[in-house]
Amino acid sequence: MKKIAVLTSGGDAPGMNACIRAIVRTANHKNIKIYGIQYGYSGLIKNNFMLFTPSDVGNTIHIGGTILKTARSEKFRTKEGRLKALKNLKNNNIDALIVLGGDGSLTGANVFYKEHNFPVIGIPCTIDNDIYGTDYSIGFSSARETVIDAIDKIRDTAASHERIFIIEVMGRESGHLAVESGIAAGAEMILIPENNNSLNEVVKKITHINKEKKSIIIIYAEGCKFGSLKKLSKSIQNKIKGSNVRTSVLGHIQRGGTAAPSDRILGSVLGNQSIDYILNGETNKMVGIENKKTILISIEKAISKKKPIDKNLYDISEIISNY
Ligand code: F6P
């Protein structure tokens, strides 16, 4: 094992840079060269390789986004694209590939491994925290802080004007970001796709809370299927006469900003361990964290199972937040 390549793919996540830094420096410690591939799988297909020295990753541990840039590659979904990627890895004498990304990126790594038997290791990076087999994904804690900060600010207006605010947070098809930021920000209601609530049920519940309390914060996970934000706010306004409803879509501010300390630590640990696992001959595995210990899980399993929501946390929020 002399040369390892690393790429970041899909949505950027704060802490990716801490992870890249750990990979480069751990590899250097073991006399292995690290090549960074720019623009994810697209860069792999376009042969965008560059040698990384330990000093190249200096002063990056705190920076959000990814110094390697990222992309969602359509070409890598094709056999032809993956064959080109393999040729580039071989021509650059790369022995193994580390993929930092979410569900889609790990799915790409799995297909690539199965097709070409090329050694790959995945590291979960997504603000959605929806990857099975790891308690946390890199980026989640930072996004949670950003969301909570935004909700705290909106709450000032909600309380002053006695308004109902519906705040949309990211998370794709999952409600992990919604639940954890919702409970920490004391949201009166958290709507997540996992609960499959009907619009009627939700409006009824809000009407009930509104009898006691005029300012209400509702966290709305973007994957909720019961209707759009607009539809929900209209229904509330129709049902609750004189109600003052506002909506706010937090959008991409959730993905950016300085990496939280826990993401820097997680990135450093998973990056460091990924090199050790590769040297032990592990392949097509994801390095994750469970009960503060690093674990290995097959990428196939990580992408095929749905990570359940922390129901206990959700239930606690239901009990304590409706006042
Ligand atoms: O997976 C991370 C994520 O931010 C999701 O929460 C969101 O649905 C999606 O990416 C947005 O993707 P894009 O930045 O490509 O619009």
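The largest pocket holds about 790 Å³ of space, a volume being the space filled by probe spheres set on grid points joined across faces, edges and corners. A pocket here is an open set of points on a 1 Å grid over the protein atoms alone, where a 1.4 Å probe fits and protein lies on both sides within 12 Å along at least five of seven lines; lining residues have an atom within 4 Å of a point. The model is predicted, so to speak of local features takes a pLDDT of at least 70 and side-chain atom pairs count only at pLDDT 80 or more, while totals for chains, interfaces and linings use all residues. Residues are numbered from 1 along each chain as its sequence is written, and side-chain values use heavy atoms, with hydrogens and water left out.

Of the 39 residues lining this largest pocket, Gly102, Asp103, Gly104, Ser105 and Arg172 come closest to its centre. Helix H4 (103-116) and helix H10 (299-304) are the elements that give two or more residues to the lining, and H4 gives the most, with 6 residues. Helices are DSSP runs (H or I, at least four residues) numbered from the N terminus. Sorted by class, the lining has 12 nonpolar, 12 polar and 15 charged residues. Ala, Val, Leu, Ile, Met, Phe, Trp, Tyr, Cys and Pro count as nonpolar, Asp, Glu, Lys and Arg as charged, and the others, Gly among them, as polar.

The ligand takes up the space of this largest pocket, where sitting in a pocket calls for more than half of a molecule's atoms to lie within 2 Å of its grid points. Around the ligand are Arg72, Thr126, Ile127, Asp128, Met170, Gly171, Arg172, Glu222, His252 and Arg255, each with a heavy atom within 4 Å of it. This shell splits into 2 nonpolar, 3 polar and 5 charged residues. Polar contacts (pairs of N or O atoms within 3.5 Å) turn up here too. A polar side-chain atom of Arg255 is 2.8 Å from a ligand oxygen, a backbone N or O atom of Gly171 is 3.1 Å from one, and a side-chain N or O atom of Arg172 is 3.3 Å from one. On its own the ligand exposes 400 Å², and the protein buries 74% of that, with areas from the Shrake-Rupley method and a 1.4 Å probe.

The second largest pocket has about 200 Å³ of space. Helix H5 (140-161) and helix H9 (261-279) each supply at least two lining residues, and H9 has the largest share, 5 residues.

Note on methods: Polar contact = N/O pair within 3.5 Å; in protein donor to acceptor, adjacent residues only side chain to side chain.
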